[in-house]
Structure formats: C-alpha cells, structure tokens
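Here is a short report on charged side-chain pairs. Read it with the sequence and the model side by side.

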Amino acid sequence: MDSEYTSRISKMSMQTQDFLEAERIEAAMRMARPNVSVVGLGGAGSNIVSWIKQRGLTGGKLVAANTDAAHLAITKADRRILMGEKLTHGQGAGGYPDRGAEAAKDALEDLVKETNGSNILFLCAGLGGGTGTGASQVYSEALQAPGRLVVGVVTLPFSVERYRYENAKKGLERMRAHCDTVVAIDNTKLAKVAGDLPLQDALGVANELVGQFVKGITETITTASLINIDYADLRAIMEKRGLAAIGVGYAEGEERVEKAVRQAIEGQLLDIKDISKAKGALVHVSGGHDITLEEVTKAGELVTKSLPPTAKIVWGARVDPTMNGHARVMVVLTGIESTFLSENSYKFALGPLKMGKAS
Ligand SMILES: Nc1nc2c(ncn2[C@@H]2O[C@H](COP(=O)(O)OP(=O)(O)OP(=O)(O)O)[C@@H](O)[C@H]2O)c(=O)[nH]1
Ligand SMILES: [Mg+2]
C-alpha cells in the first residue's frame, strides 16, 4: 500500500514538473516570437505604411501617425493617430521639426499603447519636413523598451530640396544616437538608380523600396523561409549599430545571383565613406522555385569577401513563386559612416531631379 502511495506521489510530481517545463517553454517561445510594429511618421512615413498595408503584412502591425488630418484620412493602416491636434489643428507641422516633436510628445501615450509588446519597432519617415523629422527623434528615444530592437528607416531629401538638408541632418544625427540602427536612403541616389524619374514617380519608388525592406525583413523572421533569418540574427546585425545603408540588385539568367549581389553592393543608396569598415551585413535573396541553395550560399560568400573579416554577416532566402528565372538581392550594411553627416562634404554631383507630374 505504502509503495503504491509513494509511486503515485512520484508520478504526480513528475507530471507537475512536466507541466511547469511546458509552461516555461511556452513562455520562452512567446518571448522569442518576433512581434513587429511598423510606425510611419508624417507624410512620407504614412505613405510607406499605406504601401505596405495595400500589399499586406504577415506578422506585423501597421501604425500611421501624422499631424496632417487630411493626409491621415487617406492613409491605409491598422491604426491611425492624429498627433498634437491642439498645437497643429490637424494642418501639419509646416516644415518645423520642433512643432513635429511637440505634437509627437502629445501622442506618446497612444504610441506606447499601440506598440506595446513588440520586440521589433520600425520607425519610418522622410527626413527634412516637420512631422516625420520631429516625431522620429522623440519616438526613437521614448519608445525604447527592454529587449526591443528599434530600427529607423528614413529617406533623405532630394537635391532639389536643399533647404531641407539641415533639418534632415540634425534629425538623422539624433535618430542615430537613439535607434539601434538607422537605415538611411538618399532619395537623390535612389532616383538616379531608378533612372531619373519625375519627382512624383521617384517618391513612389522610395515608398516601394522602404516598404519592401520592412515587409521583407518582417516576413523573413515571422514566417518560414528557404533560409530563415531569426530574431537573434537580426539583433546581431542591428543592435547598437548606428547608421546603415541598403542596396538592391535584380537580375535574371546565368549568374543572376552574383550579378544581383554586385549591383546591391555597388549601388548602395547612401554615400558610404569606407565600405571596408562596415561592421555587419544582412543579405537577403529572393527568387522563384528554381533558386538553389548553392546560389544563395554564393551570395553570402560574395558579400563576405567584400567586408572585413570582423564583420558579422547573416543571410536568408525566400521563394517567391512569381519570380521564376529571377533573383532579387538586398544587402544592408550596418555600422557605416556616411558623407551625408560630415559637414559641407555632401556634393550635389548627381544633378537636379527632373520635376514633373507622375504619368
Ligand atoms: N519616401 C517618400 N518620401 C517622401 C514622400 N513625400 C515626401 N517625401 C520626402 O520626405 C520629406 C518630408 O516630407 P513629408 O513627409 O511630407 O513631411 P512631414 O514629415 O509630413 O512634415 P510636415 O508636412 O512639415 O509636417 C520630403 O522632404 C521628401 O524628401 C513620399 O511619399 N515618400
Ligand atoms: Mg506633412
């Protein structure tokens, strides 16, 4: 009788242990599961969020915050927030980052609530205006949380907007100080790569590029891929890395991956002082069902060769059924220095943009 009792007790205790272990695993899994919030700030940020919303985002929440009520009304997002209504009366920050910052402080509580529980936060804005520039500075600091990776994704003004350079420069410097990584895209370089487009079309290209970047990273870590990039990989590349540049390559036919990698490295969309000093790289390849692991590995090797041996490199790949015969490669270089931030060194060598209406 005694021994039966002991054995029942010991069985119960094992079941309890099992139960507690299962709870522990479940809790760890919840913590490790990437939870992404994408916040678009100001006009450009909201347009980027609309671009992503229209294409759908698996595994992330889309929030748009603006001081401009009319623009917010046409923005597509999971949640829209009008910032600083008493201050700006829903009419925008008029190009003044201080006003944008004040409006952002007013809406901080809402933003904290909307991003609660996310361990990856993307802050998207076009730097140079009032709302996006001011709000991204405030939120990159105020929305930090333990275990959260804060990544800024910003565009820098076109050369025709020289009067906005000072705002953008200050904004970028402050964001760099607070974000883990700020991915900066120089609109002038982007427009050049896209083939000298009229301003309106160039803005569309910029939205698409930033949108694809955010959507690509989110989906690569939240859904199963050919080669996964997980949350820890992303942290290793982006945690406290300062400034980052991005390049995209697209090719088909023989050696498509090599060609696309070269394009992506050589066509970085921000002037980098010295590429050999990059501290990390994230390489992401997408291609049709015909893409092979060998090709993807080659892409990683090619990037490894271009960077110092100390640089940390992670790569991932995803099959996109619409891309048979093609390869698209995105290379993000982190921990870089840019000439954009060194005083008076930014050259307007790329020439002015053609101004015109979108076709
Ligand atoms: N990617 C992208 N960039 C844009 C777009 N519209 C403007 N920009 C760029 O972003 C900068 C800031 O513009 P907006 O986002 O309209 O400004 P804002 O943050 O709303 O600021 P205020 O209107 O002054 O309150 C501009 O100088 C452009 O370089 C857009 O639709 N997409
Ligand atoms: Mg605006």
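Is Lys105 buried, partly exposed or exposed? Lys105 is partly exposed, with a relative accessible area of 48%. This comes from a predicted model.

Lys105 has a salt-bridge partner, Glu102, with the closest N and O atoms 3.3 Å apart. Both residues sit in helix H5 (residues 97–106). They are three residues apart, about one turn of the helix. Glu102 is also partly exposed, at 40% relative accessible area.

Other pairs join separate elements. Glu114 and Lys61 form a salt bridge, with 2.7 Å between the closest N and O atoms. Glu114 belongs to helix H6 (residues 108–114) and Lys61 to strand E2 (residues 60–66), so this pair ties together parts 53 residues apart in sequence. Glu114 is buried, with a relative accessible area of 11%. Lys61 is partly exposed, at 29%. Arg79 is linked with Lys61 and Glu114 in a network of salt bridges.

Lys298 and Glu258 also meet in a salt bridge. Lys298 lies in helix H13 (residues 293–306) and Glu258 in helix H12 (residues 256–266), so the pair ties together parts that are 40 residues apart in sequence. Lys298 is partly exposed, with a relative accessible area of 37%. Glu258 counts as buried, at 15%.

| Salt bridge | N to O distance |
|---|---|
| Glu114 – Lys61 | 2.7 Å |
| Glu102 – Lys105 | 3.3 Å |
| Lys298 – Glu258 | 3.5 Å |

In total, the structure holds 13 salt bridges.

Notes:
Residues are numbered from 1 along each chain as its sequence is written. Chains are lettered from A and ligands numbered from 1 in the order in which they are written. This is a predicted model: local features need pLDDT of at least 70, side-chain atom pairs count only at pLDDT 80 or more; totals for chains, interfaces and linings use all residues. Side-chain values use heavy atoms; hydrogens and water are left out. A salt bridge is a side-chain nitrogen of Lys or Arg within 4 Å of a carboxyl oxygen of Asp or Glu. Helices (H or I, at least four residues) and strands (E, at least two) are DSSP runs, numbered from the N terminus. Buried means under 20% relative accessible area, exposed over 50%, partly exposed in between (1.4 Å probe, protein chains only).
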